[in-house]
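Trainee: Could we go through this model together, asking each time what lies behind the words we use?

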Amino acid sequence: MFPLIVKKHANSESYNNIFKMAIVMVLIPSVFISIFYFLYPDLSISFIIKNVAYKSVSGLLGLFGVFITIYSLITLFVYYFLSIKKTNVYIPVIIAALSQLLLIIFYHGSLFMVVAISLLVALILFATLVIYYIKIYSEHITLDIK
């Protein structure tokens with residue numbers, strides 16, 4: 001996605017369809033994998049890790065799958081913004097990373113808390129990036145209409 005959008009952006013061509021396709025290509029398999037993790041966490045752990053010691057945390061696998069899905073979407077958004085030279089995207093990413101770090105340092109009583117904090121921070125960052133995308137996209141459409 002990154003090199004394609006950079007090229008189209010440099011040539012002033014439309015590039016939003018590439019980004020939307022990338023989101024679909026990440027979101028669809030991620031949702032199915034997360035659903036599988038919720039439905040069959042023990043099978044997933046025994047298939048991937050092959051160590052019964054990790055089955056004690058199998059109840060968190062689905063939630064962790066949702067976190068990884070959101071994290072993957074965040075990565076796409078960050079790459080998208082960087083590819084169109086919106087480099088200030090690093091600011092909310094750093095704020096989210098520091099927030100996650102501090103929250104985990106102070107609230108790490110269980111693995112569930114660590115996963116829940118990670119998911120919460122990722123959801124807030126994702127919402128921030130989506131709002132930023134909508135703002136940029138609406139400005140882009142307005143410029144095309146004028």
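**Contacts, helices and pockets**

Mentor: Let's start with Tyr107, which is in contact with Met113 and Ile117 once its neighbours within four places in sequence are left aside. This is a predicted model, in which local features need pLDDT of at least 70 and side-chain atom pairs count only at pLDDT 80 or more, while totals for chains, interfaces and linings use all residues. Residues are numbered from 1 along each chain as its sequence is written, and side-chain values use heavy atoms, leaving out hydrogens and water.

Trainee: What makes something a contact here?

Mentor: Heavy atoms within 4.5 Å. Met113 and Ile117 meet that condition with Tyr107. Tyr107 itself sits in the loop between H5 and H6.

Trainee: How many helices and strands does the protein have?

Mentor: Six helices and zero strands, in the order α-α-α-α-α-α from the N terminus. They are DSSP runs numbered from the N terminus (helices H or I, at least four residues; strands E, at least two). The C-alpha trace spans about 60 × 35 × 20 Å along its principal axes.

Trainee: How do you know that the span of H4 agrees with its 23 residues?

Mentor: The expected span is 1.5 Å times one less than the number of residues. For H4 that should come to 33 Å, and its end C-alpha atoms are 33 Å apart, so the two agree. After H4 comes Lys85, whose phi is positive, near 65°.

Trainee: Why are H2 and H3 called roughly perpendicular?

Mentor: Helix H2 (residues 16–39) and helix H3 (residues 41–48) pack at about 105°, with axes 5 Å apart. Axes are lines fitted to C-alpha atoms, for helices over the stretch in contact, and angles run from 0 to 180 degrees between N-to-C directions. Under 35 degrees counts as roughly parallel, over 145 as roughly antiparallel, 65 to 115 as roughly perpendicular and the rest as oblique. H2 and H3 are therefore roughly perpendicular. From H2, Phe36, Tyr37, Phe38 and Leu39 meet Pro41, Leu43, Ser44 and Ile48 of H3.

Trainee: And what makes H2 and H4 roughly antiparallel?

Mentor: Their angle is about 170°, with the axes 8 Å apart, so H2 and H4 count as roughly antiparallel. Among the residues that make this contact are Phe19, Val26 and Tyr37 of H2 and Gly62, Val66 and Phe77 of H4. By class, the contact has 14 nonpolar, seven polar and no charged residues (Ala, Val, Leu, Ile, Met, Phe, Trp, Tyr, Cys and Pro are nonpolar, Asp, Glu, Lys and Arg charged, the others, Gly among them, polar).

Trainee: What makes a space a pocket?

Mentor: On a 1 Å grid over the protein atoms alone, a pocket is an open set of points with protein on both sides within 12 Å along at least five of seven lines, whereas in a cavity a 1.4 Å probe fits but cannot get out; lining residues have an atom within 4 Å of a point. The largest pocket has a volume of about 240 Å³, and Tyr71, Ile74, Val93, Gln100 and Leu125 are the closest to its centre of 13 lining residues. That volume is the space filled by probe spheres set on the points, which are joined across faces, edges and corners.

Trainee: Which helix gives the most to the lining of the largest pocket?

Mentor: H4, with five residues. The lining holds ten nonpolar, three polar and no charged residues. In the second largest pocket, about 180 Å³, the largest share of the lining is three residues from H3.
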